[in-house]
Amino acid sequence: MARRHQPRVVLVLGDAHADDPDNREALLAAYRDAEAEGEEVSLQVGDLLHYDVPTPTWFVAGNNEDFDVIDALRRGDGALTASRPELLASTAVELEGLRIAGLSGNYAPTQYDRPRSELAGDRRRHFVREDVVRAANLSDVDVLLTHEAPHGVVRLGGRDVGRYPVDELLTELEPELCLVGHYHRHVEGTFGETRVVSLAPTWESYYTLDAETLALDRHDTPDEPS
């Protein structure tokens, strides 16, 4: 599809787990390093756990978050400060000439057919069928952010860890690129016509995405804050 304005480079971040002080320093070092190169907007694929970010950031919730914050972001709570990231929860945004959508949460078969309104406590970490259906009704998606992978890309202990609802979503949306968190490893593959990249965690690497070509480059996260 036609790009909508002059393309630029987007910072892309994997899992952060930034409630840990060392991981938070790594996250902020990645932001600083990318900012020095001129990246002004960011994408993140879940398990962020630090919501005061220095650059406009759009993210999907993972299975490790402060779910009171996530619920407030789902509601669009006006009390949140401007430094909070923007949550993509079966929603989409136009950034740098790309339409970017996100499915927040991870999969639990015992919770999948429940209404989201019935999820409580840590169960709020899951996506449910209504979330997937709502995401599938989005249109013209270039890049999809998910916390879990489709089948055929990531294997752990010899087992394919893909999830069928993510398969269904990719089949429906057919984005050019799907960026995946959760697994803390860099793996590339395809699902149908979609290129799928499982991202390394932020304490190891960050990425830059060329919004014109969708080329994704990996960079070492600085060891020391700059």
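This report walks through the fold of one protein chain, from its overall build down to a few single residues.

**The whole chain**

Keep in mind that you are looking at a predicted model. The protein chain contains 4 helices and 14 strands. Its C-alpha trace spans about 45 × 40 × 35 Å along the principal axes. How does the radius of gyration of the protein chain fit with a compact globule? For 226 residues, a compact globule would come out near 17 Å, and the protein chain has 16 Å, so the two agree.

Inside, 55% of the 226 residues count as buried. Take the contacts in the protein chain with a separation of 6 or more: 57% of them involve residues 24 or more positions apart.

**The open sheet**

Now for the sheet. Six strands, in the order β4-β3-β2-β1-β13-β14, make up an open sheet with mixed pairing. Its edge strands are β4 (86–87) and β14, each of which pairs on one side only. In general, strands of a sheet are held as pairs by backbone hydrogen bonds, either parallel or antiparallel.

| Strand pair | Sense | Bridges |
|---|---|---|
| β1 (residues 9–13) and β13 | antiparallel | 4 bridges |
| β13 and β14 (residues 216–220) | antiparallel | 5 bridges |
| β2 (residues 42–44) and β3 (residues 57–59) | parallel | 3 bridges |

You can pick out single residues along these pairings. V10 stands opposite L209 in β13, while Y206 has H219 in β14 as its bridge partner.

Is strand β13 largely enclosed or left open? Of its 6 residues (205–210), 5 are buried, so strand β13 is largely enclosed by the rest of the structure.

**Residues with positive phi**

A few residues have a backbone angle worth a look. One of them is L214, in the hairpin of β13 and β14: this hairpin has 5 residues between its strands, and L214 takes a positive phi near 60°. H17 is not a glycine, yet its phi is positive too, near 45°. You'll find H17 in the loop between β1 and α1 (21–36). With a relative accessibility of 17%, H17 counts as buried, because buried means under 20%.

E174, again a residue other than glycine, has a positive phi near 50°. E174 sits in the loop between α4 (164–173) and β10 (177–180). Its relative accessibility is 62%, and since exposed means over 50%, E174 counts as exposed.

**Around V141**

E174 also turns up in the surroundings of V141. Which residues does V141 touch, leaving out those up to four places away in sequence? They are R99, A101, L173, E174, P175 and E176. V141 itself belongs to the loop between α3 (129–136) and β7 (143–146). Although V141 is in a loop, it counts as buried, at 5% relative accessibility. For a sense of distance, V141 and A34 are 107 residues apart in sequence and 25 Å apart in space, C-alpha to C-alpha.

Notes. Residues numbered from 1 in each chain as written. Predicted model: local features only at pLDDT ≥ 70, side-chain atom pairs only at ≥ 80, totals over all residues. Heavy atoms only, no water. Helix = DSSP H or I, 4+ residues; strand = E, 2+ residues; numbered from the N terminus. Rg over C-alpha atoms; globule rule 2.2 N^0.38 Å. Buried < 20%, exposed > 50% of the residue type's maximum accessible area, 1.4 Å probe, protein only. Contact = heavy atoms within 4.5 Å. Pairing = 2+ DSSP bridges.
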